[in-house]
Amino acid sequence: MNLLSVITFLPILFALVVWFLPNEKHVRPVSLGLSIVHFFVSIVLLVKFDISSAGLQFVEQTPWVQSAGISYFLGVDGISIWLVILTTFLTPITILGGWTSIQKKTRGFHVSIFVLATTMIGTFLAMDAILFYVFFEASLIPMYFIIGIWGGKNKIYAATKFFIYTMLGSVFMLLSIITLMVLAEGQLGQMSSSLLDFYKLDLNFLPGQFLSTQTLLFFGFALAFAIKVPLFPFHTWLPDAHVQAPTPGSVILAGVMLKMGTYGLLRFCLPLFPEATAEWGWIFLALGVVGIIYGALVAMVQPDMKKLVAYSSVSHMGYVVMGLFTLNAHGLTGSIFQMLSHGISTGALFLLVGMIYERTHSREIKEYGGLAVVAPIFSIFFIIVTLSSIAVPMTNGFVGEYLILMGTFMVNKAYAILAVTGVVLGACYMLWMVKKVFFGPPGKLIKDFQGKNLDLNKTEVMTLLPVVVLIFWMGLFPGHFIKYTKASVDHMINAKQGYYLKIEGRQKKVATIKYKSTRVTR
C-alpha cells in the first residue's frame, strides 16, 4: 500500500482497535500510543520528501467511478505536507488534552478523534475533486459528535449550527465541481474530476463581469472555503462551536479544521481561476483586514477566556487569507507558515484554558487574579504561548505575520498599515488577559482555592513541552520549515495562468500534465 494511503487510513484501523478493546480503562493509553505511532509514520513522509520538486510526490491513483472520471487520487507537495504533519502532531496532544476532561463514553470519543484525523488528512492529500469533497464533508460528522456529546450545556445548538452552516456553504463547491466535470467532458473528451485535468480547462473570463464562467466558479469554491476558515462575515458559527466544544475538540478545530478552508483557497481558487483571483482578490484582501481588526476588537471585550481565544482565532486567520490573496511569494509563504503557527499556538491556548477550567470550573476573567502565585509552571507556559500568539520576535507567530505583512505592503500599502493595527490590538487583549488572570491581587476564585494545588502535573507538562519547542524552533529557524514549501510556492507564482502539476517518479503518459493558457480574457 502506498505511504499516503497508510498515513490517511491508519487512524481508521486504530479506531477499530480502540472500539474492540475488551477493557475501557485501556482506551486512553492505547489511543495515545497508536497516535504517536501515526505521527512517526508521517515523519517518514517528511524525511523522504524531495524539497527541490514542485510536483506531486508519493502519488497513488486508482479508478473509483470510471464512467464519471472519478478516481482515488492522492498526492502531496509543498502546499500540503506541513498540514499533514500538523494533523498527526496534534492528534496525540488532543488525546492527552482529554485525558481527565473526557469522563464519559471515552471509547466513542477516541474513535471520533481517529476518524476525524483520517478525514482531515484525506482532505489535504486528495487530488480528485470529488474525493476531496467526500473527505471535506465527512470531517463534519465526527466533529459534530465531539461537540454534541462531550460539549457544554448548549452543545446541541453549537454542533447543529456548525454542521448546517459549513455544510450549506459546501453545496456551492459541489455545484462548481460538477460544472468543471461537465466542462472537462466537453473540452477533454471525457468526464473527469481530477484536479490535474481541471488545470487544463479553458474557463471563460470577462474582466469586470460577475457572470462569466470563471468568476462564478471562483466564488462557488471561495464561499465554501471562506465559511470554513471562517472569514468575516461568515464567522458566527465559530465562537459558539469553540465555547461549547470540549477542550480536545477546540484544539483540533482551531489547530487543523480551520486550515481546510485556507488550504482549499490555495489548492483550488488561486491556480484554477487565476484571472478571477486577480480581478476579485481585493475583496478577500479587504475581508481579511476587516476580520483581523474586527476579531481583535471583539476579543478585547470578552469576559470569557475561551471566547477571547476564539475571536483571536478569527483575527489570526484573517492574516492567512490576506497573505494568500497578495499573490506573491512573501504572502503565500507567510500564509502557509502562519497556518502551521496558528495551529500550534492557538491550539495550545485552548489546551491551557481547558487545563485551568478543569481545576476551577470557571473561565470568567474577572474571577481570577494572582494565579501566577499558586500556579507558577502553568503561568510560564501560558505566557510563552501568549508571546507566540502576539507575534513576538523569536517565536513562530512573528515569522508568518511578518512575511504576510511584507507581501501585503508590496501589493497595497493601506491594507498593510491597517493590518498592523491587528498586531497592536492582539497584544492589547492578550496582555490584558494575562495581567487580569495571572497578576495583581488574588481574585475571588483564587482565594477560594487558596492552599490547593492548581499547577500543572507531569502529564500536562509533557503535553505542552513539544508545543513550546516548536514555538521557538519555528521562530528561530524558520528556514527548516519554509524550505519544504519554497518550490511549490515559486511554481505557483511563476506559472500564473499556465499552472500545472507533474507527478514525480512516474514515467507513464499521465506523468506530466502541462499546457499553455488559452483562457478567454476579452
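Predicted model: local features only at pLDDT ≥ 70, side-chain atom pairs only at ≥ 80, totals over all residues.

**Exercise 1. The largest cavity**

Find out which residues line the largest cavity, which helix gives the most to the lining, and how the lining divides by class.

*Solution.* Start with the empty space itself. Rolling a probe the size of a water molecule over the atoms shows where empty space is left. The structure holds three cavities of 30 Å³ or more, and the volume of the largest is about 60 Å³.

Next, list the lining: His316, Gln338, Ser341, His342, Ser345, Thr346, Ser388, Ser389, Ala391, Gly397 and Glu401. Now place these residues on the helices. At least two lining residues come from each of α15 (329-360), α17 (376-389) and α18 (396-411). With five residues, α15 gives the most.

Finally, sort by class: one residue is nonpolar, nine are polar and one is charged.

**Exercise 2. The second largest cavity**

*Solution.* The volume here is about 50 Å³. Around this cavity you will find Trp82, Thr333, Ile336, Phe337, Leu340, Phe481, Ile482 and Thr485. Two or more of the lining residues are supplied by each of α15 and α22 (479-482). Again α15 gives the most, this time with four residues. Sorting by class gives six nonpolar, two polar and no charged residues.

**Exercise 3. Checking a helix**

What span should helix α12 (residues 259-272) have, and how far apart are its end C-alpha atoms?

*Solution.* Helix α12 has 14 residues, and at 1.5 Å a residue it should span 20 Å. The end C-alpha atoms of α12 are 19 Å apart, so the two values agree. Then follow the helix along its length: α12 bends by about 30° at Leu265.

**Exercise 4. One residue in its surroundings**

Is Ile227 buried or exposed, and which residues does it contact beyond its neighbours within four places in sequence?

*Solution.* First locate Ile227, which sits in helix α9 (residues 213-228). Its relative accessibility is 7%. Buried means under 20%, so Ile227 counts as buried.

Now look for contacts. Leaving aside neighbours within four places in sequence, Ile227 touches Tyr165, Thr166, Gly169, Phe234 and Trp237.

Methods. Residues numbered from 1 in each chain as written. Heavy atoms only, no water. 1 Å grid on protein atoms, 1.4 Å probe; cavity = no way out; pocket = protein on both sides within 12 Å on 5 of 7 lines; lining within 4 Å. Points joined across faces, edges and corners; volume = space filled by probe spheres on them. Nonpolar A, V, L, I, M, F, W, Y, C, P; charged D, E, K, R; others polar. Expected span 1.5 Å × (residues − 1). Bend = angle between axes of the 7 residues up to and from the residue. Buried < 20%, exposed > 50% of the residue type's maximum accessible area, 1.4 Å probe, protein only. Contact = heavy atoms within 4.5 Å.
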